[in-house]
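Here is a short report for a reader who is new to this structure. Look over the chain, then read on.

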Amino acid sequence: MPASTNDPDGTHFTLLGDGSTGSSVDDDHLAQLYAYPAELSRCLVRGNAITSLDGGAATDGTSGGLGGPGDRRLFRVLRELADVIVVGAGTARAENYSGAQMTLAERAERQRRGQSEVPPIALVTRSGHVDHDLPVLTRTEVAPLVLTCDNAVADTRSRLGGAADVIACSAADPSEVDPPAMLAALAGRGLLRVLCEGGPTLTGTFIEHGLLDELCLTTAPKLVGGASPRIATGTGHVLTGMRRAHLLSDADGYLFGRYTRVG
């Protein structure tokens, strides 16, 4: 099967099920499969995560060891479609995050959709403790957002200066980050297409509050054993129905599912 003309990694996706089994997915079709709704009046939160066959979300402390070329390609597509990429500060630190990078073609597509050329990274941190030398602050075209609690805003702004846009996101408790307040702050900046890249605590918080609208889940054909974390953790327990929108596979045996919340 030939590679699509704008797929430099040579990865190929096949659509499974729904009467389309075996159908090859080119770049345009891939963008259509993961497109956000055309008209949004509120933030739509899409999670992206990877898990092993035995439910592990990491190996050696990060998720990178589970990935493959197809997963990395889809990671880029999801970032290109988003207005903002939300991640826990601890995950950004562990995964050595830098700012999002867009090719010329991706920038042109974003401009066509009325988006900024590069989506900002939004770091979620209750404490506001973000180190000056984090790559997400030093290797980026656009300053990141720091979503923190009211009690930490003044100190965080003083420490980071113009390196980040620090935003207060508390509700009744000024010592906690409130998820609805966080989304309201993003919506107020016109950032409605929200991509949450974790980690497990942040994803679990969105789930607990009923705010995770979609989950894009990569299942890696690997076993990790041990005490690997799940893709979502937390103290709250919910049972949220999800509907499969589509399922893709690649030549390496990875599965890529997109699931949307029921109701």
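## The second largest pocket

What volume does the second largest pocket have? The second largest pocket has a volume of about 700 Å³. This is a predicted model, in which local features need pLDDT of at least 70, side-chain atom pairs count only at pLDDT 80 or more, and totals for chains, interfaces and linings use all residues. Residues are numbered from 1 along each chain as its sequence is written, and side-chain values use heavy atoms, with hydrogens and water left out.

A pocket is found on a 1 Å grid over the protein atoms alone: it is an open set of points where a 1.4 Å probe fits, with protein on both sides within 12 Å along at least five of seven lines. Lining residues have an atom within 4 Å of a point. Points are joined across faces, edges and corners, and the volume is the space filled by probe spheres set on them.

The second largest pocket is lined by 23 residues. Asp-27, Ala-31, Glu-80, Glu-106 and Glu-109 lie nearest its centre. Helix 1 (27-33), helix 2 and helix 4 (104-112) each supply at least two lining residues. Helices (H or I, at least four residues) and strands (E, at least two) are DSSP runs, numbered from the N terminus. By class, this lining has ten nonpolar, three polar and ten charged residues. Ala, Val, Leu, Ile, Met, Phe, Trp, Tyr, Cys and Pro count as nonpolar; Asp, Glu, Lys and Arg count as charged; the others, Gly among them, count as polar.

## The largest pocket

The largest pocket holds about 950 Å³ of space. Its lining has 34 residues. Nearest the centre lie Ser-63, Phe-75, Glu-95, Tyr-97 and Glu-197. Two or more lining residues come from each of strand 3 (44-51), helix 2 (69-81), helix 3 (89-94) and helix 8 (200-208).

Helix 2 gives the most to this lining, with five residues. The lining of the largest pocket counts eleven nonpolar, 15 polar and eight charged residues.

## Helix 2

Helix 2 has 13 residues. From first C-alpha to last, helix 2 reaches 19 Å, close to the 18 Å expected at 1.5 Å a residue. The expected span is 1.5 Å times one less than the number of residues.

Buried means under 20% relative accessible area, exposed over 50%, and partly exposed in between (1.4 Å probe, protein chains only). Among the buried residues of helix 2 are Gly-70, Asp-71, Leu-74 and Val-77. Arg-79 is also found in helix 2, and Arg-79 is buried, with a relative accessible area of 10%. The C-alpha atoms of Arg-79 and Pro-119 are separated by 7.6 Å, although the two are 40 residues apart along the chain.

## Aromatic rings

How many aromatic pairs does a search of the whole structure find? It finds two. Rings of Phe, Tyr and Trp (its six-membered ring) pair if their centres lie within 6.5 Å; planes under 30 degrees apart count as stacked, over 60 as edge-to-face and the rest as tilted. The rings of Phe-13 and Phe-256 have centres 5.1 Å apart and planes at 85 degrees, so this pair is edge-to-face. Phe-13 lies in strand 1 (residues 13-16) and Phe-256 in strand 11 (residues 255-261), so the pair ties together parts 243 residues apart in sequence.

Tyr-254 and Phe-256 form a stacked pair, 6.2 Å centre to centre with 15 degrees between the planes. Tyr-254 and Phe-256 are buried, and Phe-13 is buried too. Ring pairs link Phe-13, Tyr-254 and Phe-256 into a cluster.

A charge also sits over a ring. Arg-46 lies over the face of Tyr-36, at 4.1 Å from the ring centre. Such a charge is NZ of Lys or CZ of Arg, within 6 Å of the ring centre and within 35 degrees of the ring normal.

## Loops

A cis peptide bond joins Gly-198 and Gly-199, with omega about 10 degrees. Gly-199 lies in the loop between strand 8 (193-196) and helix 8. Asn-96 sits in the loop between helix 3 and helix 4. Phi of Asn-96 is near 60 degrees, a positive value in a residue other than glycine. At 47% relative accessibility, Asn-96 counts as partly exposed.

Is Val-118 buried or exposed? Val-118 is buried, with a relative accessible area of 6%. Its place is in the loop between helix 4 and strand 5 (121-124).
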